[in-house]
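Subject: Structure handover

Hello,

Here is the structure for your files. My notes on what was found in it follow below.

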Amino acid sequence: MSALYDSTVEADRIAATTSYPPAPWVMQGTWVWCVHPVKRNAVADLLPAPLKPLWLPAGRSLGFSLVGQYGSGSTLHYGEAACGLVLKLGPRPAIWIHGLVVDLDESVAGGRNIWHLPKELARISWTNPSRDRISADQQGRLLLSFEGIPKKINGFNVGLNFDVLVVHEQELYRIPARFAGTVGITRKIRPFFPASGAWAKFGVSGYSISGLGNGRGDFGKLLKV
């Protein structure tokens, strides 16, 4: 990767020069996802106040990672990868996003301008022809990959309302969101984070739960908490 490349500078340029559709956005497609423990002392200092990590045994907190592909029925068609923390469980879970990359300029611009999310540009790629591995990288530097992805998992129907929490200019906001579709769970999918890099602190630390999701995600306007 070129030493002169700065993903944040590139994202700021895209956000300032690229048009995008207004919220709400629909994301219709497929997700490869994982919920897993992370080392709490490694990620706690990344959380902006007033957000706090969940406390799990053995000095752990609860992280997540995902890669999505959005097509027909979506506001925009693109690939996406993310990692972050689950901050609240229960009837309406809440998450915070640490890293978020997409392969479409309009999505970068919309994410940064509408929701103040840290979207950047990256390459999202599936292996061919087996499509059993998907990865996200910036200028050849790997951020996240999933391996052992089955072509299909027998799943169950899920309807889930949740919030994406955002801190902008020291104020707390939420993005109301909903997923409706089919979710399948398997131990065959293996998430991988490099030992060093932008997302390294969100590597799996303990038993993980992974799977596939097919359906629709709706993301509304930014609301002050």
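How does the radius of gyration of the protein chain compare with that of a compact globule of 225 residues? The model is a predicted one, and in it the two agree: the chain has 17 Å, and a compact globule with 225 residues would have a radius of gyration near 17 Å. Along the principal axes, the C-alpha atoms take up a box of roughly 40 × 40 × 40 Å.

The protein chain holds 13 strands and three helices. Of its 225 residues, 49% count as buried. Taking contacts between residues at least 6 apart in sequence, 67% join residues at least 24 apart. The accessible surface is about 11200 Å², and carbon and sulfur atoms account for 54% of that. As for charge, there are 24 positive and 16 negative side chains, with 10 Å between the centres of the two sets.

Helix 3

Helix 3 spans residues 105-114 and is mostly covered, with seven of its 10 residues buried. Those buried are Ser-107, Val-108, Ala-109, Gly-110, Gly-111, Arg-112 and Ile-114. Their cover includes helix 1 (7-17) as well as strand 1 (25-39), strand 3 (78-88), strand 4 (94-102) and strand 5 (119-121). After helix 3 comes His-116, which has a positive phi, near 55°.

Nonpolar cores

The largest nonpolar core has 34 residues, and the members touching the most others are Trp-115, Leu-117, Val-164 and Phe-219. Two or more residues each come from helix 1, helix 3, strand 1, strand 2 (60-70), strand 3, strand 4, strand 9 (156-168) and strand 10 (171-186). Of these, strand 10 contributes the most, at five residues.

Which residues does Val-164 contact, leaving aside neighbours within four places in sequence? They are Ile-95, Ile-97, Leu-117, Tyr-173, Arg-174, Ile-175 and Phe-219.

Regards

Note on methods. Residues are numbered from 1 along each chain as its sequence is written. This is a predicted model: local features need pLDDT of at least 70, side-chain atom pairs count only at pLDDT 80 or more; totals for chains, interfaces and linings use all residues. Side-chain values use heavy atoms; hydrogens and water are left out. Helices (H or I, at least four residues) and strands (E, at least two) are DSSP runs, numbered from the N terminus. The radius of gyration is taken over C-alpha atoms; the globule rule is 2.2 Å times the number of residues to the power 0.38. Buried means under 20% relative accessible area, exposed over 50%, partly exposed in between (1.4 Å probe, protein chains only). Contact means heavy atoms within 4.5 Å. Accessible areas come from the Shrake-Rupley method with a 1.4 Å probe; for residues, only the protein chains shown count as cover. Lys and Arg count as positive and Asp and Glu as negative; His and the chain ends are not counted. The place of a charge is taken as NZ of Lys, CZ of Arg, CG of Asp or CD of Glu. A nonpolar core is a set of buried Ala, Val, Leu, Ile, Met, Phe, Trp, Tyr and Cys residues joined through side-chain atoms within 4.5 Å.
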